Amino acid sequence: MGLLKALLYALLVLVVLVPIGAGFGWLSGDPPSDLGVMQGRLKPPSLTRNSVSSQAGLYPDHPQRAHAFIPPLPLKHGDATASLRTLATVLQTLPGVTLVEQRPDYLYAQAQTRWLRFVDDLEFWFNPALGAIEVRSASRLGREDTGLNRRRMENIRAAYLRQ
């Protein structure tokens, strides 16, 4: 009888309490205070398997370097300003994505999952030394994102390249 009772409590949590918590934003996490570009770098990838970064290679001893690496975005027609404007337009059309900060060389957006309202942080920075747009996407909570950040970034890449 004890196992059945435990299963019923677990079911109650999943069916009732988790959606209530999501509705109150309890699963959104706190915004990181260290986003942005510092010394030509975006924030390093997460220590767990819940982020991607085009700059993962800059951290050779990082435990998630290989898992986190994703290529940067190419410039469109060699123009950084127009490329970031195009990217901003793409971000503004995606469901659940909010463009939070837009500068001439940097974009910051937040992506919220539909059901549980987890929030991921997305950064895009024009790297003049590389001539490309560096990207980073990371979940605020959890240890594993089942590839969501990578899929989202690849969808953004595809939409951006179609523009």
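Colleague: How do the residues of the lining of the largest pocket divide into nonpolar, polar and charged?

Modeller: Happy to start there, with the reminder that this is a predicted model. The largest pocket holds about 260 Å³ of space, and 13 residues line it. By class, that lining divides into 6 nonpolar, 4 polar and 3 charged residues.

Colleague: Which element gives the largest share of the lining of the largest pocket?

Modeller: Pro95, Val97, Leu148, Arg152 and Asn155 are the lining residues nearest the centre of this pocket. Two elements give two or more residues to the lining, strand 4 and helix 4. The largest share, 5 residues, comes from helix 4.

Colleague: How far does helix 4 reach from its first C-alpha to its last?

Modeller: Helix 4 covers residues 148-162, which is 15 residues. At 1.5 Å a residue, 21 Å is expected, and the model comes close to that. The reach from the first C-alpha to the last is 21 Å.

Colleague: What do the buried residues of helix 4 pack against?

Modeller: Good one to check on the structure above! The buried residues of helix 4 are Asn149, Arg152, Met153, Ile156, Arg157, Ala159 and Tyr160. They pack against helix 3 (80-93) and strands 1 (51-53), 2 (73-74), 4 (106-112), 5 (119-127) and 6 (132-139).

Colleague: How many charged residues are in the lining of the second largest pocket?

Modeller: About 160 Å³ of space lies in this pocket. Its lining has 12 residues, and Phe118, Asp120, Ser139, Asp145 and Leu148 lie nearest the centre. Sorted by class, the lining has 5 nonpolar and 3 polar residues, and the charged ones number 4.

Notes. Residues numbered from 1 in each chain as written. Predicted model: local features only at pLDDT ≥ 70, side-chain atom pairs only at ≥ 80, totals over all residues. Heavy atoms only, no water. Helix = DSSP H or I, 4+ residues; strand = E, 2+ residues; numbered from the N terminus. Expected span 1.5 Å × (residues − 1). Buried < 20%, exposed > 50% of the residue type's maximum accessible area, 1.4 Å probe, protein only. Contact = heavy atoms within 4.5 Å. 1 Å grid on protein atoms, 1.4 Å probe; cavity = no way out; pocket = protein on both sides within 12 Å on 5 of 7 lines; lining within 4 Å. Points joined across faces, edges and corners; volume = space filled by probe spheres on them. Nonpolar A, V, L, I, M, F, W, Y, C, P; charged D, E, K, R; others polar.
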